[in-house]
Amino acid sequence: MRPTLRRGPDRHRHPMPSRFLVLAILAALASALPAAERLRLGISPWAAWTPALAGQVRGIWQEEGIDVVVQVYPDDAAILADMEKGACDLALAMIGNFVGERIKGRDLVILGEVDWSHGGDKVVIRRGLSTADLRGTTIGIYLDQPSVRFFLHRALGSYRLNDHDVVCEEVTDPIELARRFIDGRYPMIVNYDPQALRAVRQGNGTVVASSATFPGVIPEGFGMLRARRAELSEESLAALFRGWFRCVAWSQQRENWDAYVEILRQGVFGPHSSEADLLTMVAAVSIHDPATAARRNAPGGGLEAYLRDLGTYLRESGAVDAGWSPTPLIDTGAFLKACKAR
């Protein structure tokens, strides 16, 4: 995990008031304002969730009256481990991952869908192979969760293949997964940027499908353990989500691009990441504005439709029994309040 980003010192100096006046002002503020609740938000290295880091650097969370610490983890498994230890409060992740963990017995809730992967997840095949050549082969996937499996299912189906035509091998480190493709171990992989881009460039690969091929196939959002959710007030979560929409708006303003590039380099993707690759990764996700988020998360909206379709796939594939339903995972009340407030 990279060091926490901090704002630099104020360049504008003002005459310093007396020490006693400063102490009196601070004491008055402390007694008048409630202490900001601290929430620890876990993310993995993915462009859609990096506005949260901008919120930390720019002080947006504090302006909403909430103290948010953004922690960057190598993968979702590390985030879940810290959530269970009480070292992380909530996560931004693929919605299908929350479903997968619920199936495994973790009592998670989905707090709100915030974006789609829209091109950043890619199915990469060795150039010169046809999809028919894949029958009976072992392919690499970066995560064996309903999120990735459903995406792969849709991609295989578009080439008249089904899940049983290939054997999936999970490699959770996207760098290692790309290396194995480049070395010729797998004829096809499912990986995400920037390592999917590396597999194409260095492994003689070509993209046969991406998450943009099937819009909305990989929705992403906030989730947390139900027990921790019960400890938080509705207003604390609504403040977090209001801040999120402000973070996104800041990150999408053209005049902030140079500052955002530095946040992406320092906070997630490394100092040597090219600006072109960063732009590609940011463009390969579709982050909802408040109006879109309100429609997606409303009762009967797009989130419920995705969960219904995913549930059908899981029942048909034998991953869950016939009576299983994802509906108990949904807890979007605070998120919808924040959508309406923007």
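User: Let buried mean under 20% relative accessible area, exposed over 50%, and partly exposed in between (1.4 Å probe, protein chains only). What percentage of the 342 residues of the protein counts as buried?

Analyst: Of the 342 residues, 53% count as buried. This is a predicted model, in which local features need pLDDT of at least 70 and side-chain atom pairs count only at pLDDT 80 or more, while totals for chains, interfaces and linings use all residues. Residues are numbered from 1 along each chain as its sequence is written, and side-chain values use heavy atoms, with hydrogens and water left out.

User: How many helices and strands does the protein have?

Analyst: The protein has 15 helices and eleven strands. Both are DSSP runs numbered from the N terminus: helices are H or I with at least four residues, and strands are E with at least two.

User: And what is the accessible surface of the protein?

Analyst: The accessible surface comes to about 16100 Å², and carbon and sulfur atoms account for 52% of that area. Accessible areas come from the Shrake-Rupley method with a 1.4 Å probe; for residues, only the protein chains shown count as cover.

User: Salt bridges next. How many does a search of the whole structure find?

Analyst: The search finds 28 salt bridges. A salt bridge is a side-chain nitrogen of Lys or Arg within 4 Å of a carboxyl oxygen of Asp or Glu.

User: Which residue forms a salt bridge with E64?

Analyst: The partner of E64 is R246, and the closest N and O atoms are 3.3 Å apart. The pair links distant parts of the chain, 182 residues apart: E64 is in the loop between α3 (60-63) and β2 (66-72), and R246 is in helix α10 (residues 234-251).

User: Is E64 buried or exposed?

Analyst: E64 counts as buried, at 17% relative accessibility, whereas R246 is partly exposed, with a relative accessible area of 24%.

User: Which residue does D107 meet in a salt bridge?

Analyst: The side chain of D107 meets that of R226, at 3.0 Å from N to O.

User: Which residues are linked with E169 in a network of salt bridges?

Analyst: The network links E169, E176, R179, R180, D183 and R185. Within this group, the side chains of E169 and R185 meet at 3.2 Å, N to O. E169 lies in strand β7 (residues 167-170) and R185 in the loop between α7 (174-182) and β8 (188-192), so the pair ties together parts 16 residues apart in sequence. E169 is partly exposed, with a relative accessible area of 27%.

User: How many disulfides does the structure hold?

Analyst: The structure holds zero disulfides, a disulfide being a pair of cysteine sulfur atoms within 2.5 Å. As for individual cysteines, C247 counts as buried at 0% relative accessibility, and C339 counts as buried at 5%.

User: With what is W61 in contact, leaving aside its neighbours within four places in sequence?

Analyst: W61 is in contact with A52, G55, Q56, I66, V68, V70, L240, G243, W244 and C247. Contact means heavy atoms within 4.5 Å. W61 lies in helix α3 and is buried, with a relative accessible area of 0%. W61 and R246, the latter being the salt-bridge partner of E64, are 185 residues apart in sequence and 8.9 Å apart in space, C-alpha to C-alpha.

User: What percentage of contacts between residues at least 6 apart in sequence join residues at least 24 apart?

Analyst: The value for the protein is 78%.

User: Now the backbone. Which peptide bond is cis?

Analyst: The bond from D193 to P194 is cis, with omega near 10 degrees. P194 lies in the loop between β8 and α8 (195-202). Most residues other than glycine have a negative phi, and most peptide bonds are trans.

User: What is the phi of R160?

Analyst: R160 has a positive phi of about 60 degrees, although it is not a glycine. R160 is found in the loop between α6 (146-157) and β7 and is exposed, with a relative accessible area of 76%.

User: And what is the phi of N204?

Analyst: N204, which is not a glycine either, has a positive phi of about 55 degrees. N204 is found in the loop between α8 and β9 (205-210) and is partly exposed, at a relative accessible area of 43%.
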